[in-house]
Amino acid sequence: MRNGFSFRVFVWAALTTFFFIAVPARLQADLILERRLTTDPADQVSPAIYEDRVVWQDFRHGNGDIYFYDLTTNQERRLTTDPGLQECPAIWGSRVVWRDKRSGRAELYLYDLTTNTERRLASNSELFGCPSIHGDRVVWVANTSSRDLYLYDLSTDTQQRVPVPNANDRKSA
């Protein structure tokens with residue numbers, strides 16, 4: 001206790017630098033350091049966050065479905081209901097992408113939280129890695145011998161292979 005206030009020290013680690021902050025006990029109730037988003041006993045895995053929006057894969061219905069949680073409104077929403085496996089969600093703005101196996105092979109899907117619409121972006125049995133999204137661009141790695149990188153441009157609705165140099169082709173500097 002110092003000057004009539006009790007303090008707790010909270011530590012954040014960022015890369016190799018540590019930050020310490022002392023927070024008066026009377027203000028600690030206003031700080032939310034941890035918050036449980038779901039109380040279902042099933043597994044919830046692969047979370048991703050963009051600002052106040054969280055998505056994850058949830059097994060409460062037996063298969064992996066994609067769920068969404070708005071931290072501002074405290075509202076949870078199930079985005080996928082297909083009995084196939086949906087996994088590896090990523091979010092940017094109002095767009096959620098994931099790998100989907102409802103057809104028996106890996107495909108890439110997108111859900112728009114603004115319009116509440118779902119659409120398939122790529123029907124490619126080579127879809128391997130988890131997709132990532134940034135702005136109007138979605139990328140993923142294909143399951144080919146060279147692990148090709150693909151880009152889907154949402155603004156033009158086009159998909160292209162992104163050339164990536166082979167490690168054996170690189171010259172020493």
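Two strands count as paired if DSSP finds at least two bridges between them. With that in mind, Trp98 stands opposite Tyr109 in strand E9. This is a predicted model.

**Sheet E7 to E10**
- Four strands make up an open sheet, ordered E7-E8-E9-E10, with antiparallel pairing.
- Strand E7 (86-92) and E10 are at the edges with a single partner strand each, so one side of each has no neighbour in the sheet.
- From one strand to the next, the twist averages 25°.
- Strand E8 (residues 95-100) pairs with E9 over six bridges, in the antiparallel sense.

**Sheet E11 to E14**
- Another open sheet has four strands in the order E11-E12-E13-E14, and its pairing is antiparallel.
- Its edge strands, E11 (132-134) and E14 (158-162), each pair on one side only.
- Here neighbouring strands are turned by 20° against each other on average, direction ignored.
- E12 and E13 run antiparallel and are joined by five bridges.
- Arg137 stands opposite Asp153 in E13.

- Strand E4 (residues 53-58) pairs with E5 over six bridges, in the antiparallel sense.
- Asp58 has Asp65 in E5 as its bridge partner.
- E4 and E5 form a hairpin with six residues between them. Gly62, in the turn, has a positive phi of about 95°.
- On to E6 (residues 75-78): this strand and E5 pair in the antiparallel sense over four bridges.
- Tyr69 stands opposite Glu76 in E6.
- The hairpin of E5 and E6 has four residues between the strands, and Asn74 takes a positive phi near 60°.

**Nonpolar cores**
- The largest nonpolar core has 13 residues. Val97, Leu108, Leu121, Val138, Trp140 and Leu154 touch the most other members.
- At least two residues of this core come from each of strands E9 (107-112), E10 (117-122), E12 (137-141) and E13 (149-153).
- A second, separate core has twelve residues, including Ala48, Ile66, Ile91 and Tyr111.
- Leaving out residues up to four places away in sequence, Leu121 touches Val97, Leu108, Tyr109, Leu110, Val138, Tyr152, Leu154 and Gln159.

**Aromatic pairs and charges over rings**
- There are four aromatic pairs in the structure.
- The ring centres of Trp56 and Tyr67 are 5.9 Å apart and the planes are at 20°, so this pair is stacked.
- Trp56 lies in strand E4 and Tyr67 in strand E5, so the pair ties together parts eleven residues apart in sequence.
- Both Trp56 and Tyr67 are buried.
- Trp98 and Tyr109 also form a stacked pair, 6.1 Å centre to centre with 15° between the planes.
- This pair links distant parts of the chain, with Trp98 in strand E8 and Tyr109 in strand E9, eleven residues apart.
- Trp98 and Tyr109 are both buried.
- Arg60 has its charged end over the ring of Tyr67, 4.2 Å from the ring centre.
- Arg102 has its charged end over the ring of Tyr109, 4.1 Å from the ring centre.

Note on methods: Residues are numbered from 1 along each chain as its sequence is written. This is a predicted model: local features need pLDDT of at least 70, side-chain atom pairs count only at pLDDT 80 or more; totals for chains, interfaces and linings use all residues. Side-chain values use heavy atoms; hydrogens and water are left out. A nonpolar core is a set of buried Ala, Val, Leu, Ile, Met, Phe, Trp, Tyr and Cys residues joined through side-chain atoms within 4.5 Å. Buried means under 20% relative accessible area, exposed over 50%, partly exposed in between (1.4 Å probe, protein chains only). Contact means heavy atoms within 4.5 Å. Axes are lines fitted to C-alpha atoms, for helices over the stretch in contact, and angles run from 0 to 180 degrees between N-to-C directions. Rings of Phe, Tyr and Trp (its six-membered ring) pair if their centres lie within 6.5 Å; planes under 30 degrees apart count as stacked, over 60 as edge-to-face and the rest as tilted. A charge sits over a ring if NZ of Lys or CZ of Arg is within 6 Å of the ring centre and within 35 degrees of the ring normal.
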